[in-house]
Amino acid sequence: MLAGKVITIGVTGGIAAYKAADLVSLLSKNGAEVHVVMTGSAREFIQPLTFETLSGRPVVTDLFNFSEPGRIPHIDLAARSQLLVVVPATANIIAKAACAIADDLLSTILLAATCPVLFCPAMNTNMYTNRGVQRNINLLKELGYLFVEPGFGRLACGALGQGRLADLDIIYEEIIKSLWYEKDLTGTKVMVTAGATREAIDPVRFITNRSSGKMGYALARAARDRGAEVILVSGISELKTPHGVKVLFVESARDMHAAVLSHFPEVDVVIKAAAVADYRPKITAEHKIKKSAGVLSLELERNPDILLELGQLKKKGQILVGFAAESRDLLRNAKEKIQKKNLDLLVANDITQPEAGFGVDTNIVKFVYPDKEAVELPKLDKLELAHRILDEIIKIR
Ligand code: CTP
């Protein structure tokens with residue numbers, strides 16, 4: 001996901017400094033080239049060796065200790081980084097950045113950097129809400145610096161309130177968002193469907209499928225990060241709701257049908273990643289079905305094919321992307337589906353391959369077009385695949 005990305009992590013002196021170690025580990029595991037800069041106070045909380053081990057690179061701490069003659073570390077790092085993340089960010093580093101003070105390696109790099117800078121503040125509640133600190137944060141925001149708001153809860157000092165470092169998954173999402181800062185979908189309205197539908201048999205039982213919603217949620221996040229206005233129509237999924245996205249929760253295929261059709265006229269792009277049940281029980285029992293001797297037969301009837309209807313209603317300029325989960329004759333079935341449903345792109349995956357399809361974090365797909373040869377993609381993380389799908393949509397537009 002992050003291969004080729006150069007990220008500098010600035011660690012300052014707060015009790016949350018140890019959490020920066022988890023972030024460095026996560027970024028490195030995802031392929032980023034991670035450099036860690038520690039302030040003097042950070043080193044009171046955690047040893048550079050921890051970060052050196054996790055990043056596989058020496059930690060830079062000293063403004064005046066040049067290990068390689070001819071190279072000026074702060075200018076070099078500032079120029080090479082595609083993102084600078086200060087985690088945790090103390091009131092002190094925020095104040096220094098707001099006043100453009102450069103009195104140690106990290107504050108100097110902050111001034112020399114031309115890439116986006118993301119501050120992740122963590123401090124005592126009273127310090128965080130202090131008017132001077134808030135003024136500095138607002139000033140930095142006005143200057144274009146990015147912030148991940150601290151969370152609420154019990155702090156290391158025992159106080160209860162806002163100030164604890166935001167959860168790592170939120171910081172990670174913001175990092176991804178800042179790295180894909182090209183807002184090439186600004187002004188575009190994208191509807192994504194995700195997850196499984198659930199078709200009730202009686203008040204306690206239902207028919208569903210193995211979809212986790214990971215692909216659709218990744219698409220919603222990726223489109224949001226590229227500036228689109230996003231409506232996520234979500235079936236059943238255990239995933240956290242992405243922020244900055246309008247989410248409509250639905251249960252059955254018919255609920256999804258109603259939600260999607262009501263918003264279809266206003267959107268530019270629809271990506272149907274949801275695994276919609278093709279059939280539902282003909283009768284949903286009002287009361288729990290009791291067991292009895294012999295066989296129980298369940299009669300099923302067809303659900304509406306949402307994508308097929310969208311293909312019929314599609315207006316000029318609207319783009320329709322479907323998914324096809326196939327276990328055999330992938331290309332032949334995909335070609336048929338793209339014609340029948342009047343799609344602009346079909347993302348076809350062979351669900352028999354490990355690390356592809358339902359539940360896993362990766363996918364192996366082919367892009368199938370109505371008018372040209374299909375293209376096979378390598379195994380990709382679902383968020384990266386989401387960006388590739390959006391790249392295709394931009395080309396089609
Ligand atoms: N889809 C839909 N409504 C349905 C069934 C599927 O909108 N009732 C959409 C899915 O969201 C997906 C695409 O259609 O984008 C393909 O779904 P898939 O189940 O692979 O194919 P089907 O068209 O249902 O064909 P088949 O069951 O023959 O494979």
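H1 passes H3 in a right-handed crossing. Helices here (H or I, at least four residues) and strands (E, at least two) are DSSP runs, numbered from the N terminus.

A word on the basis. This is a predicted model, where local features need pLDDT of at least 70 and side-chain atom pairs count only at pLDDT 80 or more, while totals for chains, interfaces and linings use all residues. Residues are numbered from 1 along each chain as its sequence is written, and side-chain values use heavy atoms, with hydrogens and water left out.

Back to the pair. H3 covers residues 48–55, and its axis comes within 9 Å of the axis of H1, crossing at roughly 15°. Axes are lines fitted to C-alpha atoms, for helices over the stretch in contact, and angles run from 0 to 180 degrees between N-to-C directions. So H1 is roughly parallel to H3. The cut-offs: under 35 degrees is roughly parallel, over 145 roughly antiparallel, 65 to 115 roughly perpendicular, and the rest oblique.

Who touches whom? From H1, it is Ala17, Ala20, Ala21, Val24, Ser25 and Ser28; from H3, it is Thr50, Phe51, Leu54 and Ser55. Contact means heavy atoms within 4.5 Å. By class, that is six nonpolar, four polar and no charged residues. Ala, Val, Leu, Ile, Met, Phe, Trp, Tyr, Cys and Pro count as nonpolar, Asp, Glu, Lys and Arg as charged, and the others, Gly among them, as polar.

H1 has another partner. The axes of H1 (residues 17–29) and H9 (residues 168–179) come within 11 Å and cross at roughly 50°. That makes H1 oblique to H9. This crossing is right-handed. Lys19, Asp22, Leu23, Leu26 and Leu27 of H1 meet Leu168, Ile171, Tyr172 and Ile175 of H9. Seven of these residues are nonpolar, none polar and two charged.

Next, H5 (residues 91–98) and H8 (residues 131–142). Their axes come within 9 Å and cross at roughly 50°. H5 and H8 are therefore oblique to each other. The crossing of H5 and H8 is left-handed. On the H5 side we have Ala91, Ile94, Ala95, Ala97 and Ala98; on the H8 side, Val133, Asn136, Ile137, Leu139 and Leu140. The classes are nine nonpolar, one polar and no charged.

Now the ligand. How many residues surround the ligand? There are 14, and the closest are Lys272, Ala274, Pro304, Phe323 and Lys341. To count, a residue needs a heavy atom within 4 Å. A polar backbone atom of alanine 274 is 2.8 Å from a ligand oxygen. Proline 304 places a backbone N or O atom 2.9 Å from a ligand nitrogen. For isoleucine 306, a backbone N or O atom is 3.1 Å from a ligand nitrogen.

Last, the backbone. Most residues other than glycine have a negative phi, and most peptide bonds are trans. Two places to look at, then. The bond from valine 87 to proline 88 is cis, with omega near -10°. Proline 88 lies in strand E3 (residues 83–89). Aspartate 329 has a positive phi, near 45°. Aspartate 329 lies in the loop between strand E16 (319–326) and helix H13 (330–340).

Note on methods. A crossing is left-handed if the near helix is turned anticlockwise from the far one by less than a right angle, and right-handed if clockwise. A polar contact is a pair of N or O atoms within 3.5 Å; within protein, one must be able to donate a hydrogen and the other to accept it, and residues adjacent in sequence count only if both atoms are side-chain atoms.
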